[in-house]
Amino acid sequence: MRALVVGGTGPTGPFIVRGLLERGYTVAIFHRGTHEVPEIPEAVEHVHGDPHFRETIDQALGRREFDLVIASYGRLRLLAEAMAGRADRFIAVGGFSVYRGALDPTRMHPAGMPIPVREDAPRVEQSSEQRFAALMSEAEEVVLQRHPGATIFRYPYVYGPHQLLPREWCVVRRLLDGRRRMILPDGGLSLTTHGYAENLAHAVLLAVDRPAIAAGRRYNCGDERQLSLAQIVEVIADALGRRIEIVSLPRSLATPTWPFALGGLPHRLLDLERVRVELGYRDVVPVEEALARTARWYAANPPEPGGEIERRLGDRFDYALEDELIDRFESFAASVGPIVEAASRDDHHPYAHPTEPGRLRDHRDR
């Protein structure tokens, strides 16, 4: 059996490749060749070319045929068209940005995505609303037109080694630099579906194992348990043996750590019932262990300070600015403390708790 993995050197690629090899496939990976990773076994063929353009796809692959294609990189629409009639099975990896409200919460009323988001939730279909999301939605339709038995996975934010935008580095570097305070919007209480690379690869491989069930289906995927931004920071700090104080600022003021907090957007939680029930998905790595592995990997393999990865992230790591922002906000909070205290309500339990039998009202006149 011959399998082609488009991509293969990102976070989930090595896990998918090794899973296919274990299932008896002869595997080739099709990627640009701009970065190789040691986790890809030597037996795997590398086809170098650009999967973003039809002409370069055709140049790289010619008229080759495969029993299975897993497209996790490049332009899905063009790859689906190029492999029509040349792949017995086609599995496409897209993202949850297809849903309305994912990138622009104000497009929904009330603002933000439904919680949780099912696979049949409204998708962006007009480029006037959000061009990138509309193109992703269009690509899904082309995949199923060209390959009616295809399976589509909607990835969340992916974490693990070899991530091009490793948000965890925003926390790891601060800890390694000795920071003991980190700004988070609104206390870091927001929830966004994350998926550890090995867990997401496991979901994809379940579809490989269950072709009859997965044919023509679209699946959300991600870790079964989700942590808030604040909990993610706490787990990473524990993994590195450090402690850090979370400083809560309003979203509009917490801009220094927007790269980690995804801009401080509202909750974006995916419903995983379909992949759990139909494919039997369960996390193979618990979320705390997955985050700890990720944090330790980046601590041991740090991106270059000020290099391409940090520029992509958009995190300035400007600690002097962060400290000034924290100090000014704390000064303001102290100045309005008496007003806040005067406006606070009685925090006693609102229901009556009689202390004597037969009395109609309790000691607080409730």
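## Overall make-up

The chain, seen here in a predicted model, has 14 helices and 11 strands as its secondary structure. Its C-alpha atoms occupy a box of roughly 85 × 55 × 40 Å along the principal axes.

Of the 366 residues, 49% count as buried. Among contacts in the chain with a separation of 6 or more, 72% are between residues 24 or more positions apart.

## Helices α5 and α8

Helix α5 spans residues 168-176 and helix α8 spans residues 229-239. Their axes come within 10 Å and cross at roughly 45°, which makes α5 oblique to α8. The crossing of the two helices is right-handed.

On the α5 side, the contact is made by E168, V171, V172 and L175. On the α8 side, V233, I236 and A237 take part. By class, the residues of this contact comprise six nonpolar, no polar and one charged.

R123 lies in the loop between β5 (87-95) and α4 (131-146). With a relative accessible area of 18%, R123 is buried, because residues under 20% are counted that way.

The side chains of R123 and E141 are joined by a polar contact of 2.9 Å. Neighbours within four places in sequence aside, E141 is also one of the residues in contact with R123.

Definitions and conventions:
Residues are numbered from 1 along each chain as its sequence is written. This is a predicted model: local features need pLDDT of at least 70, side-chain atom pairs count only at pLDDT 80 or more; totals for chains, interfaces and linings use all residues. Side-chain values use heavy atoms; hydrogens and water are left out. Axes are lines fitted to C-alpha atoms, for helices over the stretch in contact, and angles run from 0 to 180 degrees between N-to-C directions. Helices (H or I, at least four residues) and strands (E, at least two) are DSSP runs, numbered from the N terminus. Angles under 35 degrees count as roughly parallel, over 145 as roughly antiparallel, 65 to 115 as roughly perpendicular and the rest as oblique. A crossing is left-handed if the near helix is turned anticlockwise from the far one by less than a right angle, and right-handed if clockwise. Contact means heavy atoms within 4.5 Å. Ala, Val, Leu, Ile, Met, Phe, Trp, Tyr, Cys and Pro count as nonpolar, Asp, Glu, Lys and Arg as charged, and the others, Gly among them, as polar. Buried means under 20% relative accessible area, exposed over 50%, partly exposed in between (1.4 Å probe, protein chains only). A polar contact is a pair of N or O atoms within 3.5 Å; within protein, one must be able to donate a hydrogen and the other to accept it, and residues adjacent in sequence count only if both atoms are side-chain atoms.
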